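User: I would like to learn how to read a structure like this one, feature by feature. Could we go through it slowly?

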Amino acid sequence: MSNGRHLAKGSATPNVPEDGILRLYSMRFCPFAQRVHLVLDAKQIPYHSIYINLTEKPDWLLDKNPQGKVPALELVREPGPPVLTESLLICEYLDEQYPLRPLYPRDPLKKVQERLLIERFNSVLDAFFRASDGGDLEPFWCGLDTYEKELSRRCTDFFGGEQTGILDYMIWPWCERLELLKLQRADDYNFDERRFPQLSQWVERMKRDPAVMAFYMEAEVQAEFLRTRSAGKPNYNLLVKEA
């Protein structure tokens, strides 16, 4: 199931083939779910996408994940089958379980350093969401300063080196939303390419990455979803093409 239609309350349990392929319960506009899509696509791991209406969740979702959250990854090859939640934990599992095209560094110290930078990005997320709601933009820019300096220090095209790595994909969903922030803040938007020369070039490179391109969404579509959500009638199926 990958046509983007979100299943809501009253929907039957999806008729997904018993083919041993991973099942990802997701939401098309969720940046945390996007992280998992990016890793699955970057590592070319086959999976079924099952999109969920988070406002009116189908009852069967709680059988899969009692928290009722996305992303949730169902490991259909395992007895049970168990369901993993939390985007970072899912992505770590995928990188360990599917060693081809590793995203984390194999060096233990470098791996810990990447984890610390991903953890540090949580404060940047908070600043982004406040800025999206009309708050001060400067705390978000200050958060990005750390990653501008880090990319400059590494002297590579991506945080992962000459190809994308785990840090690239874990921070990308919010960097993709810079254009959304620009729409939301209009004349207040003051991203400075002179302040962020490395990140500005990195953003353009990331847009050409196959995994990013597979899940990329235009800012206007993201903005329309947020508009419908603010109006109390979120349209989760904006991207669904009617037959």
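**Reading the features**

Analyst: Let us begin with accessibility, where cysteine 155, at 66% relative accessibility, counts as exposed; buried means under 20% relative accessible area, exposed over 50%, and partly exposed in between, with a 1.4 Å probe and protein chains only. This is a predicted model, in which local features need pLDDT of at least 70 and side-chain atom pairs count only at pLDDT 80 or more, while totals for chains, interfaces and linings use all residues. Residues are numbered from 1 along each chain as its sequence is written, and side-chain values use heavy atoms, with hydrogens and water left out.

User: Where is the place of cysteine 155, and what is its phi?

Analyst: Cysteine 155 sits in the loop between H5 and H6, and here helices (H or I, at least four residues) and strands (E, at least two) are DSSP runs numbered from the N terminus. Most residues other than glycine have a negative phi, and most peptide bonds are trans. Cysteine 155, although it is not a glycine, has a positive phi of about 55°. Glutamine 44 likewise is not a glycine and has a positive phi of about 55°; it lies in the loop between H1 and strand S3 (47-52) and is exposed, with a relative accessible area of 71%.

User: Which peptide bond is cis?

Analyst: The bond from valine 70 to proline 71 is cis, with omega near 0°, and proline 71 belongs to the loop between helix H2 (61-64) and strand S4 (72-74).

User: How many disulfides does the structure hold?

Analyst: A disulfide is a pair of cysteine sulfur atoms within 2.5 Å, and this structure holds zero of them. For cysteine 91, the closest cysteine sulfur is in cysteine 30, and at 12 Å it is too far for a bond. Cysteine 155 is also in no disulfide, since the nearest cysteine sulfur, that of cysteine 175, is 19 Å away. Cysteine 91 counts as buried, at 1% relative accessibility.

User: At what angle do helix H4 and helix H5 pack?

Analyst: An axis is a line fitted to C-alpha atoms, for helices over the stretch in contact, and the angle runs from 0 to 180 degrees between N-to-C directions. Helix H4 (residues 108-132) and helix H5 (residues 138-154) pack at about 150°, with their axes 7 Å apart. That makes H4 roughly antiparallel to H5, given that angles under 35 degrees count as roughly parallel, over 145 as roughly antiparallel, 65 to 115 as roughly perpendicular and the rest as oblique. Contact means heavy atoms within 4.5 Å, and among the residues that meet are Phe121 and Val124 in H4 and Phe140 and Tyr147 in H5. By class, this contact of H4 with H5 has nine nonpolar, two polar and four charged residues, where Ala, Val, Leu, Ile, Met, Phe, Trp, Tyr, Cys and Pro count as nonpolar, Asp, Glu, Lys and Arg as charged, and the others, Gly among them, as polar.

User: At what angle do helix H1 and helix H3 pack?

Analyst: Helix H1 (residues 31-42) and helix H3 (residues 87-97) pack at about 10°, with their axes 9 Å apart, and are therefore roughly parallel to each other. Phe32, Arg35, Val36, Val39 and Leu40 of H1 make the contact with Ser87, Leu88, Ile90, Cys91 and Leu94 of H3, a set that divides into eight nonpolar, one polar and one charged.

User: Is arginine 35 buried or exposed, and what is it in contact with?

Analyst: Arginine 35, found in helix H1, is buried, with a relative accessible area of 2%. Leaving aside neighbours within four places in sequence, its contacts include Ser87, Cys91, Tyr169 and Trp174. Arginine 35 and tyrosine 169 are 134 residues apart in sequence, yet 6.3 Å apart in space, C-alpha to C-alpha.

User: How do H6 and helix H8 pack?

Analyst: H6 and helix H8 (residues 197-206) pack at an angle of about 95°, with axes 11 Å apart, which makes H6 roughly perpendicular to H8. Tyr169 and Trp172 are among the H6 residues that meet Trp202, Val203 and Met206 in H8; by class, the contact has seven nonpolar, no polar and one charged residues.

User: Where does glycine 160 lie?

Analyst: Glycine 160 lies in the loop between H5 and helix H6 (166-176) and counts as partly exposed, at 43% relative accessibility. Not counting residues up to four places away in sequence, glycine 160 touches Gly165 and Asp168.
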